[in-house]
Each structure stands twice: as structure tokens, then as C-alpha cells.
Amino acid sequence: MFSIQVPATSANLGPGFDSMGVALSLYLTVEVRETSDTWLVEHPFGKDIPSNHTNLIVETALSINPNIEPHHLVCHSTIPMTRGLGSSSTAIVAGIELANQLGQMNLSDRQKVNFASQFEGHPDNVAPAILGGLVVAYYAPKKQETFYQKIDLDSLSFIAVVPNYQLSTKESRSVLPSQMAFKDAVEASSIANLLVAAFANKDYTLAGNLLEMDLFHESYRSPLVAEFQRVRQLAHSMGIEGTFLSGAGPTIMTILQVHQAQAFYKACQDDQMLSTNCQIYKLQVDHEGLMVR
Ligand code: HSE
């Protein structure tokens, strides 16, 4: 028996839309048990998630290697689902690793990132889920290849305010414009480029400022997340900049220095609107990514 562990991810990081993400300390674990006549997936995700070969983990694995034998899988997860923390990406990555292990495919990280980006359509969740840490990535559809760079991060804390409602990526993408003026695109990508440089140079003060300057998506999506401005304002009242919508939302993420984390965590818990409508998590960066034990 072996188990596959995949971390949650927070994608976009404000202006890094569809191209930046960070792996965080919440996990999907898939125990791979005995062989079985048919695929059997035990999981805690409710009746809407299949328990047979149509489960996303198995479907992904079979699409990469149709010859692997059916097994009994047992899933555990600490990742809230459909909340902008990459839960479906963790299933895709776990499926790729399942095929890799059972089919003895000896896939490289680069091959895993490529497969996963093709499944997901964009690499910002799957690349950090595989590689760990902060990853900047671009999937080139014509070449069918994902280019990426991992950036070393110091110990940072992340406070995730997770609303008690789901927001699908499909719905959250449906409110985005189909076009952007050239001048606006130049401005938006300048901010994103500088954010990458700020992280690479470990200038977390500048990174915090830029995280809040996104021009690609947050202004369109924030009306869908009633708690978004509240969290940002609460952080500002404590002198903290670095609050953004995690992935397609509705989770609201704040990056902070380790010494600031406990006070902000407590302030979120003490806020009546946030503590009533949301779960609040204190997280760290997962530097390792996908693990097999
Ligand atoms: N970059 C994606 C989005 C992440 O914001 O829609 C969610 O899959």
C-alpha cells in the first residue's frame, strides 16, 4: 500500500491571473489499497462525487494510462471544496501520480505539470500542487507545453477566510470580460511582472502592495464575495497589505509575515460577520508539493 499527498493551492495571487500560485498546508491524501474487480473510491465528499471509475482521480489516471488495474482507494482531505483552494486540481494531480505509480511510468515533474495543465486548462493551481512553493507558469496551447519557474519563499503566513458557500470556477469566470484594451493589458501585466520580481527579491512589502493592485479579475469577481472588502479593510486597519481573492474565490487570502499572523487570525475570528459566515485558517507555504509515501 502507498499513499499520495497533494497540497491545496491559492492561485492568481491578485495580478498573476491564471499564471501564479502557491502551495499551502492543507492536503488531499489518497491511500492506494488492494486491487479490486472495479475501481472503488471511498471519500468524505458527499453523494455528488462519484465512487467508481468516473471519479476525477481515477478518470485522470485512466486517461494517462488505461492499462492500470482497478484498486480500492481511500481519500482524506482537509481542503474545503469549491472554495478557490484548488481542490479539483489536487484530484487531477493525485490521478496523474496514481497512473505514474501503478503503471511504473517514471514521469518527470515536467511531464506531470504538462499533463495536469492540459487537464485543468491553466497551470496556476496544478504546477504548485506538484512542485510546492510559489510557481509562475504558462501553458502554451500551440506547443502543448508548460513553461514554469519556482520562486523560493521565506516562511510566510497565510490567513484564509473561507466563506460558507461554494463558487464554481465556471460561474466566477462567467463574470469576466472577453476582451481588454491594449493600454489596460500593458498596465495589468506590468503590475504582475513587478509582483514576480518582488517575490523573487523577497521584497514582501512591495509584493503586499502589488497583490492588491490586480486589474485582470478581482473588480469583476468581488461583488460575488460579500466578505472580500471586509477582510481587506480589516487587514488595512492593522497596517497589513496583501489580501486577494484566492483562485476563482470565494476564499479570501491574506499573505503576512509570521509575526503578524496570530493577531490578524484573531481579528478575523473576533469579527462577527467573518466568524458567522466563514471558516478561518492559519496556513503556511508547502515547499514540497506532491508526495508519495
Ligand atoms: N486562475 C483560475 C481563475 C483559478 O481565477 O479562474 C481557478 O481555477
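Residues 55–133 form a span that is 54% helix and 9% strand, with its end C-alpha atoms 27 Å apart. Here helices (H or I, at least four residues) and strands (E, at least two) are DSSP runs, numbered from the N terminus. The UniProt annotation "domain: GHMP kinase N-terminal", from an unreviewed entry, covers residues 55–133. UniProt positions are given in the numbering used here, feature names are shortened, and annotations may be inferred rather than shown by experiment.

This is a predicted model, in which local features need pLDDT of at least 70 and side-chain atom pairs count only at pLDDT 80 or more, while totals for chains, interfaces and linings use all residues. Residues are numbered from 1 along each chain as its sequence is written, and side-chain values use heavy atoms, with hydrogens and water left out.

**The whole protein**

- The secondary structure of the protein comes to 11 helices and 11 strands.
- The radius of gyration of the protein (taken over C-alpha atoms) is 19 Å, close to the 19 Å that the globule rule gives for 293 residues, so the protein is as compact as a globular protein of that length. The globule rule is 2.2 Å times the number of residues to the power 0.38.
- Along its principal axes, the C-alpha trace spans about 60 × 45 × 35 Å.

- Helix α1 (residues 56–64) and α2 have axes that come within 7 Å and cross at roughly 45°. Axes are lines fitted to C-alpha atoms, for helices over the stretch in contact, and angles run from 0 to 180 degrees between N-to-C directions.
- α1 and α2 are therefore oblique to each other. Angles under 35 degrees count as roughly parallel, over 145 as roughly antiparallel, 65 to 115 as roughly perpendicular and the rest as oblique.
- In α1, Leu56, Ile57, Thr60, Ala61 and Ile64 meet a set of α2 residues, among them Ser88, Ala91 and Ile92. Contact means heavy atoms within 4.5 Å.
- By class, the contact of α1 with α2 has 10 nonpolar, 3 polar and no charged residues. Ala, Val, Leu, Ile, Met, Phe, Trp, Tyr, Cys and Pro count as nonpolar, Asp, Glu, Lys and Arg as charged, and the others, Gly among them, as polar.
- On to the next pair: the axes of α2 (residues 87–102) and α3 (residues 109–120) come within 10 Å and cross at roughly 135°.
- α2 and α3 are therefore oblique to each other.
- Residues of α2 including Ile92 and Ile96 meet Lys112, Phe115, Ala116, Phe119 and Glu120 in α3. The residues of the contact of α2 with α3 divide into 5 nonpolar, 3 polar and 3 charged.

- Helix α6 (residues 182–200) packs with helix α7 (residues 204–211) at an angle of about 155°, their axes 8 Å apart. α6 and α7 are therefore roughly antiparallel to each other.
- The α6 side of the contact is made by Ile191, Leu194, Leu195, Ala198 and Phe199, and the α7 side by Tyr204, Leu206, Ala207, Leu210 and Leu211. These residues divide into 10 nonpolar, no polar and no charged.

**Two backbone details**

- Gly249 and Pro250 are joined by a cis peptide bond, with omega about 5°. Pro250 lies in the loop between β8 (243–245) and β9 (252–257).
- Asn12 has a phi near 80°, a positive value in a residue other than glycine. Asn12 sits in the loop between β1 (2–11) and β2 (20–35).
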